Amino acid sequence: MRVIGLMSGTSYDAIDAAAADLTLDGDRLTLTPLGLINRGYDEGLRAGLAAALPPATTTLADVCRLDTAIGRAFAAAAVEANRELCDGGAELIASHGQTVYHWVADGQVHGTLQIGQPAWIAEATGLPVVADFRPRDIAAGGHGAPLVSLVDRMWLRGRPGAPAALNLGGIANITAADGTAFDTGPANALIDAVVSEATGGRLTYDLDGELAARGTVHQGLLDRLLAEPYYALAAPKTTGKELFHLPYLRTALRGYEALSTEDVVATLTRLTARTCADAVRSVRASEVVVSGGGTRNPVLMALLRAELGGGVPVRASDELGLPSAAKEAYAFAVLGFLTLHGLPGTVPASTGARHASVLGSITPGRRGTPWPETLPAQEAPARLVVNGHGSRAR
């Protein structure tokens with residue numbers, strides 16, 4: 001089955017559309033990557049989204065407009081991906097949507113909201129769409145994140161030792177071999193916020209780590225940031241820009257206003273490397289497979305390796321067949337495929353849920369939803385093999 005996974009992460013800068021050919025054979029799911037397209041939100045939409053996100057206030061009218069505009073943007077990306085990557089032969093769209101709020105209080109997740117109305121995608125492509133993945137896990141007592149943990153476990157199974165997958169998006173998350181998974185804290189979220197404010201929006205991230213490379217880590221500021229209580233919480237745990245946003249950072253910078261932008265960015269980059277390395281050590285990983293936008297920041301990657309001291313190899317997911325920029329979009333393609341086949345897409349040990357759940361809601365395509373034959377299995381496949389990398393799986 002050809003599936004297109006659509007993803008826009010906590011950096012809310014672009015839509016990733018990754019196409020995959022997925023084949024299920026017993027407990028083995030084979031993924032053949034067909035390619036990725038990346039389409040940035042237009043400036044007006046990104047500005048409107050940024051203005052509506054916490055801690056800003058918004059209106060239901062704004063939420064409705066954003067839900068429609070993002071749905072249309074996702075639909076355009078899906079149409080292009082189907083045409084360019086699948087020769088018009090896609091059979092299913094899996095859309096993560098855009099997270100705008102993750103309701104966490106007293107260590108529990110009470111709700112979550114991803115917008116980008118899937119009806120626009122179904123109408124534009126004529127295909128069924130699986131969307132709204134996270135709420136079912138939350139309803140079962142889980143954190144609704146990190147949902148890629150099941151895919152990570154399937155994918156890394158068979159590698160020697162105790163591998164872990166680390167994603168460096170706006171927020172970083174880790175999945176360990178034993179099923180432990182959690183958000184480690186900010187990866188790029190705070191760095192992006194500082195860069196955007198300092199440049200008046202001309203830049204939205206630290207390109208190639210150039211600002212961090214010119215700056216010096218300020219130990220006092222780093223210590224203050226590391227005192228954030230979130231880092232000491234036990235897994236499972238999840239967080240987002242509801243906590244790690246620009247006003248949060250402004251509070252942390254009180255008394256350090258004289259620091260240059262370069263020094264602040266250098267300190268925040270070290271913060272990401274330190275908290276991610278602490279997470280790696282906490283799960284006793286023997287190697288780390290890294291994906292996400294943070295892999296394109298050579299300073300961050302060098303600091304992560306330095307924090308781990310060379311004892312834990314750090315490699316990009318590209319080495320295992322999944323492009324680092326597309327890995328999460330491929331993961332949601334897999335989750336959508338599992339949903340259509342009536343198979344669970346969560347690991348209770350990862351999200352803290354009472355049980356595994358079949359995720360999402362299905363919007364029928366123009367010809368309805370082509371339900372696959374009933375499967376004898378009641379569990380997700382044990383292994384994910386990326387075509388061309390099957391020798392790494394048992």
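A nonpolar core, as I use the term, is a set of buried Ala, Val, Leu, Ile, Met, Phe, Trp, Tyr and Cys residues joined through side-chain atoms within 4.5 Å. Buried means under 20% relative accessible area, exposed over 50%, and partly exposed in between (1.4 Å probe, protein chains only).

The model is predicted, so I take local features at pLDDT of at least 70 and side-chain atom pairs only at pLDDT 80 or more, while totals for chains, interfaces and linings use all residues. I number residues from 1 along each chain as its sequence is written, and side-chain values use heavy atoms, with hydrogens and water left out.

**Cores.** I looked up the largest nonpolar core and found 38 residues, of which Leu22, Leu31, Phe133, Trp155, Val334, Leu335 and Leu384 touch the most other members. Among the elements that each supply at least two residues are strand E2 (14–25), strand E3 (28–40) and helix H12 (327–340); helices (H or I, at least four residues) and strands (E, at least two) are DSSP runs numbered from the N terminus. H12 gives the most, with ten residues. I then listed contacts of Phe133 (heavy atoms within 4.5 Å). Beyond its neighbours within four places in sequence, Phe133 contacts residues including His96, Leu147, Phe332, Leu335 and Leu359. A second, separate core has 30 residues, among them Ile4, Tyr12, Ala17 and Ala75.

Thr175 has Ala181 in E9 as its bridge partner. Four residues separate the two strands of the hairpin, and Gly179 in the turn has a positive phi of about 100°. In E9 (residues 181–186), six of six residues are buried.

**Salt bridges.** I searched the whole structure and got 13 salt bridges, each a side-chain nitrogen of Lys or Arg within 4 Å of a carboxyl oxygen of Asp or Glu. Asp27 and Arg383 meet in one of these, at 2.9 Å from N to O. Asp27 is in the loop between E2 and E3 and Arg383 in strand E13, so the pair ties together parts 356 residues apart in sequence. Asp27 is partly exposed at 39% relative accessible area, whereas Arg383 is buried at 16%. I also noted Arg214 with Glu262, whose closest N and O atoms are 3.7 Å apart. This pair links helix H7 (residues 210–214) to helix H10 (residues 261–282), so parts 48 residues apart in sequence are tied together. Arg159, Glu287, Arg315 and Glu319 form a network of salt bridges.

Technical notes
Two strands pair if DSSP finds at least two bridges between them.
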